[in-house]
Each structure stands twice: as structure tokens, then as C-alpha cells.
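Student: I have a model open in my viewer. Could you show me how to read what is enclosed in it?

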Amino acid sequence: MTWLETLRTSLDAIRTRRLRSGLTVLGIMIGIAAVILTVGLGQGAQNQVSAEINALGTNLLTVSPGSATTASGIRSGFGSASTLTESDAAALASRTVAPDVADVAPVVTSSGTLTDTLNSNNWTTAVDGTTPSWAAVRDRTVAQGRFLDRQDVTDHAAVAVLGPDTASELFRGFDPVGQSVDVNGVPMTVVGVLDSVGSTSSSTASSQDDLVIVPISTAVQRLFGPSSLSSILVKSTSGGTLSAAYQEVDDELLALHKITNPADADFTIASEASLVSTATSVDRTLTVLLGGIAGISLLVGGIGVMNIMLVSVTERVREIGLRKALGATPALVRRQFLVEASVLGLSGGGLGTLLALLGAGLLPHAIGYPIALSPLAVVGALAIAIAIGLVFGVYPASRAARLAPIDALRTE
Amino acid sequence: MADRAPVIDLRDVTKVYRSGALAVAALRGITLRVDAGEYVAVMGPSGSGKSTLMHILGCLEVPTSGTYVLDGQDVSTMDETELASVRCHRIGFVFQQFNLLPSLTALRNVELPLAYAGVGRAERRGRALEALGRVGLADRVQHRPGELSGGQQQRVAIARALVNDPSLILADEPTGALDSASAAEIIGLLDELHAAGRTLVLITHDPDVARSAGRSVRLLDGLILAETEPVP
């Protein structure tokens, strides 16, 4: 008996038990679809986080005042001390001190209430006082108008660059460039609007599109009053020199602040790369967790296959006996039941993959998360489905093969 | 006839079934020789061991002791796979309950032993159609067992037993589940096969059925009680 005929016999057997076979296939189908979708969901979330963080620039270091431990050993939070100055930033920008640093931007951040003088719309958002190098450090460009220039900083000019979301909230479609906007009551002229970093729902990205940039001198003198820096943004010359840049910044700031023991540092340097790895590891944990649950449902589906195959063997004792009497060898009987189980597994896998593709098309609209289906995951899931059919089919099949033809025929 | 090797050569065959500590001897030493072209009826009350004898003759079971040479081949020490091949090529079975596969057409039921023998598709179809024609069912080949009468189903089963051109046809109470008219038809068909030179062994407890056979063997308690030569 050829493989094709064995397959035909198995299909016949499955067809004659339509309902039961259908339910078994359903179990596998749900398991496979769940596995593909959860893996896709996890992959999608990882891609999204990576894309967002890449948009921030992965060769970016953020120096914040304060440190994890003070000299007295009392933990004080990140940003709680006021130790960073503009001269620190200027020192870091020197190519001789820090050759692996491409650009440095000191930032003073506060929140501000904006009122546009055209329509009197109000909007509260983050106001960043910084220098022209901010655009280069953050890899941002302007969509309209221009960014800050040196002259604005020297002149303490009353100019502002708006994030795209901020611009649309305030001006609602009107061209904001050249318009006047009150920031905490101080009138400023809008000189430009930033390009969007991408309209995603995540909070990191939206804050990147909803902000106001003013010259740092203007912020200190006219908006917030004298204050130390909220952070210094440092961009390394490339992703590969990030750790070298980190070391240079660390050494230089320790020297400037006259701190000998690095453990007593009054600043903290964070890299976006560490953010990326944190975010992706959180996503990976979630994927593993959800994938594990999906895997259990697949296992249950597999037990379903074993169950139906065992019932099938018991039910078909006469048929097995007859086939043996007619000359079927134990190997052929085993093969027939194995093929039957793998056909069940494969159909479940195929339908489950279709369901997953459908779900991947529809679900993102409902839950607002992207699902990334990789061909590898689909092929893997199909392979798992066949493997489940085979693994859970082995025991019933060998039971069928071991049946003595005579015991089988005797059953009335 | 004497110079031809017998189809069946049983020598001192016993069969003991064990269930736990209990051992039941179903056959206690059977010696039987059946030559090619013979038609033998095995008779006996239930419990006499005639079913066990049929299972051993049909290579469905191996004897506990003694030898069984079928068509010149010693089958008493074969393993499952070798026995399957012997059943496939040398033996045709006819059962009381027909034992057709309900989901297959008459044609595919008859093709089944050929499929296990590895016969190609076209030849298989031709031989199965020929066998069905031989039992008078040429017009019923696409019917499923459920659509056929008991007598017709048994004829499909006989076609299936014939299709591999076996050395031996074993029939276990072939008329046991049939009304008398159908039973007479089946007996007639078996007679025809005998007339055509087939070797048949028929298990029955019905003396009328046994009468059509050339020779009958009576079993009691696992032993051959008597052999009756045919009434001329």
C-alpha cells in the first residue's frame, strides 16, 4: 500500500467521523492561532518600542543631575540635585576633552501654559530651553520655518519652535509660523514647527511631538528665572562610540565637579540603549508569558488528538482486525493511524494559521497594537502542528498496530 | 494427487490460552492434512476448538506447539509481519459477519487485499471487477455494504477472498447470518469454487452445510473425534 493510498484511507476515516474530527481540528486550530498571534503581538510591540527608541537616537546619552547615592549614603532621586551648569555642557562639547562626542545640548525643562494670541486657545505642555545643537542631538528637523540659531541664544530672543502636535492644538490648521504665542504670559514669535517623529499612541512618542523649544538664555532670563540645567543631552559620533563617549563624559564631569570617587557622582548618565534593552526585555517577558499560555492551549489540543485517536482505535478494533486479516502488516496499521493523526494536526495548523492571519489583519484595529507575523513563526507553527499530530498519534497508533487480529475480529 | 504437496499439513498442533494462572487448552493435538482441491467442513459444538483451529489455519494465531506447513511453507514460527504477508497472498477469508468496511464501495472492499499485496491501481481494479463478476455482482460494484442485502454482502466478501488467488479459502460459518434462500446461494457459490479447483475449509455447525463438502472433520474438546468420508 503506497503512502498516497494510506493518506486516502486516513482521509476516508476522518470524513466518516466529521463532527469529532472537526472538534479535534478546532482545538489544534485555536492553539496554533493563539501561539502565532501572541508571538506576533510580542514581536510587534518589540518592533514598535525599538522604532520609537531608534527615533530618539540610540547614540544619545542623557546626563541628569543627582545620583543614586549621596555622600551620606541616603538615596536621593534622579534629578533631585541642581549640579549641572551650562559650562559643564560647554566643556563636554570640546573635541579635545571628549573626541567621541558629536554634539551637546544643555536643556532646561519646565512646564508652561501657552496661549495663542490669534484665537486665545490654551495648551499646557513641556517647555525646553536649549541651544541650536538640540536639533542635531535629537535628530529632529523642522517641517516649517526654521530651528533656533546662535543669534537667538545670544540675543535672548523671544522666539519659539513648536512640536507638531502643539502647533495643531494651538493653531488648528492655521500656519503658526510668524504668529505670536504667550508662554507663561511672555509673548514669543513662532519661528518654526518640528517634523513629527511618528504618530504612535505611545506616551514617549507623543511627548516628542508635543513640546515648545525656546532659546536657553530666554528660558532662564524671561520664563523660569535662574536655574541649573535639567539635563545635558550628549550625542556620540556613532552608535559604536557610545560607550567611549559615556566614559569621556563621566570622566570630564567628575573632574569638573572635583569628585574623586565615582560612587559619589552628583550626576547620572543614562543611555537610550539601556532603555531599549529594558523595554525589549519587558516585551520579551510578556511574549514568553503569553506564548506559554498559548503553548498550553496547543498542548491541550494535542491531548485532544490523542484522545480522538484512542477512541478511534477502540472503535475500529474490528476494522483493524479485518485489515490485518487481509494482509496489513503492523507497520502499515501504525502508519495509517499516524498519517491520520498528522492530517488532523496539519489541518488544525493550516486553519489556525489562516485564523491567525485574519486576526493579525483585524485585531490591530480593535486593540491598537501592531502584530508582526514572521514567515518563520508561521512555518514553525505548522511544523509544531504536524509534530503534535505525530507525537500524540504515536501511542494510539502503536496500540492499533499491536492489536492481535484475532482479538480484533472476535469483538462483536 | 498423492505426489502433490498438501495445502495444509498440521502436525500435533496444540493451542493453550493463558489468562492469569488459568490455562485452557483449546486444541490438544490436531494432525490434519488437506490436499489441493479438497473441500473440507470442520464441525463441532461450541467450545470444541473449531474457531481456534480456523484461526491457526488462517495464520491469525500461531500454535503453542506442533507445526503447521501451509503450501510448503512452515508458518508456525513466523512473526507478525511475515504472517501478514502469508495471509495476504495465500489465504482468503469469509466471515460470518461479512466484515466489509461500511465506508467503502463493494469495489474498494474487494480491492483491499490487492492494495496490501502492493498490486498497482489499474490491475487491482480489473481483478476486483472480475472477482465481483464471478460472484454475480457486476452491477453492484459502486454500492456500499449498507445498500446491499446480507447475501449480496457475503458475495462481496467471497469476491474479496478470491481476488488474491489464494491457495486456501477459509469460511467461518459463512451462512450463519443469512436466511435460508441466501444461505443456499452462498453454498452454491462455494460449490462452484470447489468445482473450479479451489481448496476450501468451511467451519460450521450446520450438518446441511457440511454435507456439500467432500469431507468433514468432527472436533470435540480440542481433538479430532471423527473424519467422515463423503457420501458418494
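This is a predicted model: local features need pLDDT of at least 70, side-chain atom pairs count only at pLDDT 80 or more; totals for chains, interfaces and linings use all residues.

Student: Is helix 3 of chain B enclosed or open, and why?

Tutor: A residue is buried if 20 or more other C-beta atoms, placed from the backbone, lie within 10 Å of its own. Helices are DSSP runs of H or I with at least four residues, and strands are E runs of at least two, numbered from the N terminus. Helix 3 of chain B (residues 106-117) is largely enclosed by the rest of the structure because eleven of its twelve residues are buried. Its cover includes helix 1 (3-16) of chain A, and helix 2 (80-90), helix 4 (121-134) and helix 5 (150-162) of chain B. After helix 3 comes Gly118(B), with a positive phi near 80 degrees.

Student: Where is Leu70(B) placed, and which residues is Leu70(B) in contact with?

Tutor: Contact means C-beta atoms, placed from the backbone, within 7 Å. Leu70(B) sits in strand 4 (residues 65-70) of chain B and is buried, with 23 other C-beta atoms within 10 Å. Leaving aside neighbours within four places in sequence, its contacts are Ile8(B), Val75(B), Val86(B) and Arg90(B).

Student: Which residues touch the most other members of the largest nonpolar core?

Tutor: A nonpolar core joins buried Ala, Val, Leu, Ile, Met, Phe, Trp, Tyr and Cys residues through C-beta atoms within 7 Å. In the largest, of 119 residues, they are Val42(B), Ala159(B) and Leu202(B).

Key. Residues are numbered from 1 along each chain as its sequence is written. Chains are lettered from A and ligands numbered from 1 in the order in which they are written. Two residues are in contact if their C-beta atoms, placed from the backbone, lie within 7 Å.
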